[in-house]
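Here are a few exercises to work through with the structure open beside you. Try each task before reading its solution.

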Amino acid sequence: MMLVVLGLLLSLGIGTLVVFMLAPRPQSPLVIVLQLVLALGVGLSLTTATHFISLNVFGQSDARLLLLDVALLVGLAVAAMVTNRAGPSHDLGEVDEIVSEPVGAATSAAAPGVLQMVIVGATVLGCVCAMATSLSYFFGRPHGDWDAWALWNMRARFFYRGGEDWRLAFAPELSGVRPDYPLFRPLVVARFWTLLGSESSVVPRMVMAAFSLGTAVLLFTGVTRRAGVMLGCVALSLYAGAPVVAKEAASQFADVPLAFFLLAAIVSAVSAIDARRGVNRLLALAGLCAGCAAWTKNEGVPFTLALVLCTALVMCRRRGLRPGLRSTVVLVAGAAPMLLLVATAKLSLVWKSDLFEERGIGGILTLLAESSRWREVGHWFVELLPGIISPWLIALLVVFVVGNRWGGPSSQRSRRSYGAMAGGATLALVAIGYTLIYVSTPHDIGWHLRTSLARLILHLWPSVLYVSLTGVHSRCASNSPDQREAHQSGRNDRRTSSRFSTKPGTASDAKNAPGASISLYVACSSLWNLRSSRSGSMSQNSVTPNRS
């Protein structure tokens, strides 16, 4: 157990040093939490990279992997000692160009309004129910679902048990269990099994629970820093209220960690694009998180390409061609180490994918040209979506976003956030890529969507919430220098005051009404999901294999 604690502390320490060097100095406890969550995720990914190196160097998985972790920690500590952080006034998640509150709003703490209290209360209730639902699934399915048995945990057992024969995990006889998948998920479990000295089923469950909770914390803190605690609560409600979140976390697949790294990359990239200083370091952090996503699942590679493309276009438009290209190079450089690791693993082990094997470009284009395949994909999408995320939930989000974007006086409408534009375009490109894969799949389209659509939606859902709720709520009453100076003079007061900056009975109550509706709906849905999970987990207990 001491080795497990030491391994976890090494992961956290490595991630903390990386975030320390790349992220601006935190100015509030909220951002400290945000950066610690980022640090833990990045640290776990980097230590699985050292584990992969130790497998190739030492030939087996044992406690010597900690030697490489210590070496990496020392090297980063030396680099951190000579690294100057970005200016203290440019906090991660809050930038000068984007104003979270209308100029002239009250800067002193005030009692929250009734609807604000409803939002907070409903959010807490929804999160408690979501956590109870997750625990019900976790205890009902201690070994996860099919892919966890046949792929992720099986490969982790090869790394843990196999000794010098760990490469048998990629033997031709196992070609049916996706040997081309990246190695983060099995390596992080095998690493803790090695340090623990046993194959406890608690380890993969704890890893999935940590990433699911980390995604929720990262989403809440990221939205709150840019748009206020009310929208932070709304974002948290929408994330926790989606049934797919609790189910997929208990399935023990790699999709929950992937969603975390995609969100981390989007948060860092949006903050970098909208910032005035510390831009390149935040872009390097965004690239590193995108590289971690590529190290987690194959879907992280097209996401990284889309992020680089959209960031390049937005940065060139905003800052000019040469500065924009330099920033893009920094983003690519941040992703390069993990992408190089992914390429090394694929070239040395297995690189072929069942989606593209033995099919040329002409065959794929022929499938894409068949209108019947597009109709079939649309049919299955419409049929499966209600069981993944309630259409009412999506409708409420769209109404809320549109109302905040175009509602109200013209002087108080949302300003343009170039970061949100780049983030939204990135997610749109990834969604288009997913659709093209479904249309051109060599498998049965219905089977392919039934077995994967929920997980693909989970990849994007937290990032969609972040981009939607922060991109439309960046408000500024005017662009005049006098008003911006007035805003700057009151910024420090607002940072230390409560985000409940309006009094009950004002127009803010009407503004918070959609958020209260969303939170109440999500709380009721979470209660229903909890009731359904209890009956479902009882039936799962009778069919779950009793394997340690």
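**Exercise 1.** In this predicted model, find how many aromatic pairs a search of the whole structure gives, then classify the pair F52 and W295.

*Solution.* The search returns 12 aromatic pairs. For F52 and W295, the ring centres are 6.0 Å apart and the planes meet at 70°. Planes over 60 degrees apart count as edge-to-face, so this pair is edge-to-face.

**Exercise 2.** Decide whether F52 and W295 are buried or exposed.

*Solution.* Buried means under 20% relative accessible area. F52 has 4%, so F52 is buried. W295 has 1%, so W295 is buried too.

**Exercise 3.** Describe the pair F159 and F170, and name the cluster that holds F159 and F170.

*Solution.* The centre-to-centre distance is 6.2 Å and the planes are 40° apart, a tilted pair. F159 sits in helix 5 (residues 146-161), while F170 sits in the loop between helix 5 and helix 6 (184-196). Both F159 and F170 are buried. One aromatic cluster takes in F52, F159, W166, F170 and W295.

**Exercise 4.** Work out how helix 4 and helix 8 are oriented to each other.

*Solution.* Helix 4 (residues 114-140) and helix 8 (residues 229-240) pack at about 30°, with axes 9 Å apart. Angles under 35 degrees count as roughly parallel, so helix 4 and helix 8 are roughly parallel. Their crossing is left-handed. Among the contact residues are I119 and V120 of helix 4 and V234 and L236 of helix 8. By class, the contact has nine nonpolar, three polar and no charged residues.

Technical notes. Residues numbered from 1 in each chain as written. Predicted model: local features only at pLDDT ≥ 70, side-chain atom pairs only at ≥ 80, totals over all residues. Heavy atoms only, no water. Axes fitted to C-alpha atoms, helices over the stretch in contact; angles between N-to-C directions. Helix = DSSP H or I, 4+ residues; strand = E, 2+ residues; numbered from the N terminus. Parallel < 35°, antiparallel > 145°, perpendicular 65-115°, else oblique. Left-handed = near helix turned anticlockwise from the far one by under 90°. Contact = heavy atoms within 4.5 Å. Nonpolar A, V, L, I, M, F, W, Y, C, P; charged D, E, K, R; others polar. Phe/Tyr/Trp six-rings, centres within 6.5 Å; stacked < 30°, edge-to-face > 60°. Buried < 20%, exposed > 50% of the residue type's maximum accessible area, 1.4 Å probe, protein only.
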